[in-house]
Amino acid sequence: MTTASSAGHPTRRDFLYVATGAVAAVGAAATVWPLVSQMNPDASTVAAGAPIEVDLTPIAEGQDIKVFWRGKPIFVSHRTKKQIDEARKVSIASLPDPQTDEARVKAGHEQWLVVIGICTHLGCIPIAHEGQYDGFFCPCHGSQYDTSGRIRSGPAPTNLPVPPYQFVSDTKIQIG
Amino acid sequence: MSGPSDFQPTNPALKWIERRLPIMGLMHSSFVAYPTPRNLNYWWTFGAILSMMLAVQIITGVILAMHYTPHADLAFKSVELIVRDVNYGWLLRNIHASGASMFFLAVYIHMFRGLYYGSYKEPREVLWILGVIIYLLMMATGFMGYVLPWGQMSFWGATVITNLFSAVPYFGESIVTLLWGGYSVGNPTLNRFFSLHYLLPFVIAGVVVLHVWALHVAGQNNPAGVEPKTAKDTVPFTPYATMKDMFGVSCFLLLFSWFIFYMPNYLGEADNYIPANPGVTPPHIVPEWYYLPFYAILRSIPNKLAGVIAMFGAILILAFLPWLDTARTRSSKYRPLAKQFFWIFVIVCILLGWLGAKPAEGVYVIAGRVLTFCYFAYFLIVLPLLSRIEKPRPVPNSIADDVLAKSGGKAAPMVSSLIALLFAGGLLLGSASDARAAGDAPAPPAQKWSFAGPTGKFDRGALQRGLKVYKEVCASCHSLSFVAFRNLAEAGGPGYSMAQAAAFASEYKVKDGPNDQGEMFERPGRPADYFPSPFPNEQAARVANGGAYPPDLSLINKARSYKRGFPLFVVDLFTQYQEQGPDYVAALLEGYEDKPPAGFKLPEGSYYNKYFPGHAIKMPKPLNDGQVAYDDGAPTTVAQYSKDVTTFLMWTAEPHMEARKQLGFQVFVFLIILTVLLYFTKKKVWANAH
């Protein structure tokens, strides 16, 4: 009944035990993979997340619309001259998350601001045209964003993210 | 579970916990130090196999519930989406569906083992009764799980089984209405079955804990049927029993994987790939194979209430076994008569299962009655009588004596009974397919399909040509609603690029909306869109097709089958033949005859087809030579069209077939290596115990 192997002298029995244990461990790990992988978005969800096109012609100056891409609200704002100036006048160094307005819009289309409308604090949806900075105000915990969607005050740590998009024509953008 | 343990951890943190909750001591005394009889054979590994199966079913079930929608309008579709779109969804579903069958296979072996070796006798009566309760819970769980995909068999199985309760005098109708939550099986029924199907496995797990507890109090029975007397009679559970169990589990996984990866639909019914239709009952309602013996008992009694009582009685009588068989000798090894009657009983059960799948008519009814009598006679006449008249052979003094007396010669009966059981199991498993409707149509000729067999792959050319035939011919009447344009670019499919799939999609007009004006509009198709249906609804389709509803073709190759008969279905189990659907569809497309044979009266608006059940089909001959132009030089004949479009429709029915077979190969290589290693490890561990 002595099964203890002599330490320091690996025997054939030790090798067999280690090999069996190793193969079983590999199998267990490989089994876990599909069980976890199934939690990722399925193929139809991925396909439904394809890029969308948004026609800008109906959006008048000073107005903004909300569209959904991949289940996220995207704010498309047609900014006024005043709003653009406000965004560009501010000292970058004074911002909690320093970024120029130029880096957040497409050159030649400065009047269009496209941001993901989800507060970077805890995911609520900010309200447009509210707050002290003429930008966005999050009602959940009072974060305030300016006309470039940058965080100015409140608990949110970063600016509203800009989704990947491009101008297909002067009046049409493709998001995604 | 076997009293206080002297196990003491050395780690101070573990010591701290152990003093407050002696869980490690419990585990140690239950699964490490626990003395297990040293003469257990491999039939005893089924306890471990069943524990594993319960875990497998719970894990895959919880995962499937993450993606499943328990709604009458969405359930069938959500199951298809799991199989098609969820990562490894096809694998999880196959595991869960075949897992139910494997669970029952294992539980039947476990029960027969208990019966043979007298494991229900004093002091293990409660242990046995807990087992009967687990079995009843399993049957309820399995039945409700089968309803969830909401196919034709799900729906009509639910209808038939719930109607069993209408046999109750006075309250029958009220009970059935209560079970349904409506005036017929419908959405409320599906919802509550889903809820209970999720709940019951955890109840089973709870009763399993009691079962194991009772086992550890009474101790395991063993093939000799004598209780351990000295330390020489037992070995510690770990490593002896654990290694043996793991080897058994590994062998069982090989069988399980055969079904998961190579025969996923062998144990199911083709009709369950047709969405539930409350207006049409399939010609033959057959329960899953594991209920067939009881179904046969139900049908063999001509009175409704008596039939239901007999069926439930056949299960409940098991609980009284400890008091029906009062013989003092436990193991049938030492009971020459009981042994023979045991094997007769096994054969009776298998024959009952076979009858359960046969139509209830003619000689089958008489056979059913005789076998039902035999079933009950075994418990009510044979066992009580044998207890009195049988003269058992002397049992060994101790387990150690039994082990020493055993030398060679013992393996042969084990092997032969294993082979007999495997064969019988195959017969039972396959018998379900026997009941499939055949009508008077001849069996379709078996064709050679590129996708058949363990290494089969789709012929890309055939898939592309088949798509063309579908688009230009079939699509004018038949929808393909589970297939999206993006699927055309997926691995294992027709091999188009994403750009080609997008271009193909853009040729279709897809209804979308409402737009900002609140109106629906048409736009070009996108890869994420599904093939649009030719008709807006079933009524419109019927009006345009002389009253017949052209079925959706996405699953047609899985939803059609034909009777294979004995012994072919047993052979199929080994050859992995599962192309009944494609054989039938291809034969149907070629089976048109201009003139019906003399004496056959063709109804108005129908066409004669050799392979269609009943021969009168509403679909006119769809394919003619030269109808669809091929640009790859393949012959433009009806035979080629049929073959191509059938191949394409096999892909639409199972887009991940290539992935399934490929993963299956890898799993088999792995499992064979593991099984061999476990065999030698087990042998080494046991070397000093013999």
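User: I'm new here; what does "buried" mean for a residue?
Analyst: Welcome! This is a predicted model. Residues are sorted by relative accessible area, with over 50% called exposed and the range in between partly exposed. Buried means under 20%.

User: Which residues of H18(B) are buried?
Analyst: H18 of chain B runs over residues 460-472, so look there. By the cut-off of under 20% relative accessible area, the buried residues are Ala462(B), Leu463(B), Arg465(B), Gly466(B), Leu467(B), Val469(B) and Tyr470(B).

User: Which helices of chain B do the buried residues of H18(B) pack against?
Analyst: Contact is counted for heavy atoms within 4.5 Å. On that basis, the partners of these buried residues are H19 (498-506) and H24 (638-653) of chain B.

User: What span does H18(B) reach from its first C-alpha to its last?
Analyst: The helix has 13 residues, and the expected span uses 1.5 Å a residue. The model comes close to that expectation, reaching 18 Å.

User: Which residue has a side-chain oxygen that reaches the backbone nitrogen of Gly461(B)?
Analyst: Look at the start of H18(B). There, an oxygen comes to within 3.0 Å of that nitrogen, and it belongs to the side chain of Asp459(B).

User: How many residue pairs are in polar contact across the interface of chain A and chain B?
Analyst: Between the two chains, 24 residues of chain A are in contact with 25 residues of chain B. The area buried there is about 2100 Å², with carbon and sulfur atoms giving 71%. The salt bridge count is zero. For residue pairs in polar contact, the number is five.

Definitions and conventions:
Residues are numbered from 1 along each chain as its sequence is written. Chains are lettered from A and ligands numbered from 1 in the order in which they are written. This is a predicted model: local features need pLDDT of at least 70, side-chain atom pairs count only at pLDDT 80 or more; totals for chains, interfaces and linings use all residues. Side-chain values use heavy atoms; hydrogens and water are left out. Helices (H or I, at least four residues) and strands (E, at least two) are DSSP runs, numbered from the N terminus. The expected span of a helix is 1.5 Å times one less than its number of residues. Buried means under 20% relative accessible area, exposed over 50%, partly exposed in between (1.4 Å probe, protein chains only). A polar contact is a pair of N or O atoms within 3.5 Å; within protein, one must be able to donate a hydrogen and the other to accept it, and residues adjacent in sequence count only if both atoms are side-chain atoms. Buried area is the accessible area (1.4 Å probe) that two parts lose on being put together, summed over both. A salt bridge is a side-chain nitrogen of Lys or Arg within 4 Å of a carboxyl oxygen of Asp or Glu.
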